[in-house]
Amino acid sequence: MTTLGDSLRESAVFNLGGAVTMIVDDSPFSLTLTANALAGFGIRPAFTVGSGGEAKRILQEKPVDLLVVDTDMPDIDGFELVRWLRRSGLNPNAFSPVIMTASHIRRGRLNQARDCGANFLVTKPFSAAMLLERILWVARDNRPFLEVGDYFGPDRRFRDEEWDGPERRADRMGATKASNTVEIA
């Protein structure tokens, strides 16, 4: 069984000191706690903002390496902000890792975080170690970004396992048919 300490040791090669980080939360208390947690492992947030509108303005002007976004804000909630970011076409910000934070989480809210394009959701209160583990997880995450229907963001599938059932994805079916053909010389 892997413990939290084991997963942190695996990632000892990361230097987070130069990461341009933005925290978006309408609660000054939560902003301070999150900024202090990040500072504890070398990340000095470049932007700590209290509204989704202010975050949008900054994201249009400045590149950001990591966003920590609260789900519930009065002007533009975190889900809407992340959805906008992913669809904005702002390079490289549209592809920046996003960790969402939430005080109250229900299954529907978890699905909203996944469906808006966030990389991960962390529930409050969280420990600094948990936040660091999630940051390192998104730093190592190599899932491709997909655009499917109205979704744009990291591939929502976490497992790359073989499927025993019939292949139904159109892009794979063409590849399967092509590999099953025999060339006659």
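**Salt bridges in a predicted model**

Modeller: Aspartate 25 and lysine 124 form a salt bridge, with their closest N and O atoms 2.7 Å apart. The model is a predicted one.

Biologist: Where in the chain do aspartate 25 and lysine 124 lie?

Modeller: The two residues link distant parts of the chain, 99 residues apart. Aspartate 25 is in the loop between strand S1 (21–24) and helix H2 (28–40), and lysine 124 is in the loop between strand S5 (120–123) and helix H6 (128–140).

Biologist: Are aspartate 25 and lysine 124 buried or exposed?

Modeller: Both aspartate 25 and lysine 124 are buried.

Biologist: Why do such side chains pair at all?

Modeller: In general, side chains of opposite charge can pair when their charged atoms come close. Here, lysine 124 also forms a salt bridge with aspartate 70, at 3.1 Å between the closest N and O atoms. Aspartate 70 is in strand S3 (residues 66–70) and lysine 124 in the loop between S5 and H6, so this pair ties together parts 54 residues apart in sequence. Aspartate 70 is buried, as is lysine 124.

Biologist: Which residue meets arginine 87 in a salt bridge?

Modeller: Glutamate 147 does, at 2.7 Å from N to O. Arginine 87 belongs to helix H4 (residues 78–87) and glutamate 147 to strand S6 (residues 145–148), distant parts of the chain 60 residues apart. Arginine 87 counts as partly exposed because its relative accessibility is 38%. Glutamate 147, at 55%, counts as exposed.

Biologist: Which residues do salt bridges with shared partners join into one network?

Modeller: Asp25, Asp70 and Lys124.

Biologist: How many salt bridges does a search of the whole structure find?

Modeller: Six.

Notes
Residues numbered from 1 in each chain as written. Predicted model: local features only at pLDDT ≥ 70, side-chain atom pairs only at ≥ 80, totals over all residues. Heavy atoms only, no water. Salt bridge = Lys/Arg side-chain N within 4 Å of Asp/Glu carboxyl O. Helix = DSSP H or I, 4+ residues; strand = E, 2+ residues; numbered from the N terminus. Buried < 20%, exposed > 50% of the residue type's maximum accessible area, 1.4 Å probe, protein only.
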